[in-house]
Amino acid sequence: MANDNPSTISHVSLGTNQYDKARAFYEKVLATLGCKIIMEHPGVAAFGKQFPEFWVGAPHDGKKATVGNGTHVSFMAGSKAEVDAFHKAAIAAGASDDGKPGPREEYGEPYYGCFLRDLDGHKIEATYWDEELAKKLGMG
């Protein structure tokens, strides 16, 4: 049976050592992108627009959550304004800045994004990719 889903990722999970704070953080920040809690179990919440795409919770093995070096999670924004709102909400909710909103020349002209560290130190990003511009530039 063929899968017509354009995405290669089903979901992403990040561990936290402070579930209640992490849940509240992501609830505020992901709301800027139209996401909400889709599903919740004790100690873990799943966020998305239509299905559980991003999970945050205590590690399943019961051990302490740690940050993956070289790992980050990027959330798709629908506009540059959503990237800006994501960054602003994350900073207000306690994240630390790891790259203010703006273009990144090395990622190509259609890219606009921001980088932050969440309450547990995980690197997160909001990305807007201008598909029309990418097509004009022969990138899409």
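Contact means heavy atoms within 4.5 Å. The model is predicted: local features need pLDDT of at least 70, side-chain atom pairs count only at pLDDT 80 or more, and totals for chains, interfaces and linings use all residues. Residues are numbered from 1 along each chain as its sequence is written, and side-chain values use heavy atoms, without hydrogens and water.

**Exercise 1.** Find which residues of α1 meet which residues of α2, then class them.

*Solution.* Helices (H or I, at least four residues) and strands (E, at least two) are DSSP runs, numbered from the N terminus. On the α1 side, take Phe25, Lys28, Val29 and Leu30. Their partners in α2 are Phe86, Ala89 and Ala90. By class, this contact has six nonpolar, no polar and one charged residues. Here Ala, Val, Leu, Ile, Met, Phe, Trp, Tyr, Cys and Pro count as nonpolar, Asp, Glu, Lys and Arg as charged, and the others, Gly among them, as polar.

**Exercise 2.** State how α1 and α2 are oriented to each other.

*Solution.* Helix α1 spans residues 19-31 and helix α2 residues 80-92. They pack at about 155°, with axes 8 Å apart. Axes are lines fitted to C-alpha atoms, for helices over the stretch in contact, and angles run from 0 to 180 degrees between N-to-C directions. The pair is therefore roughly antiparallel (angles over 145 degrees).

Key. Parallel < 35°, antiparallel > 145°, perpendicular 65-115°, else oblique.
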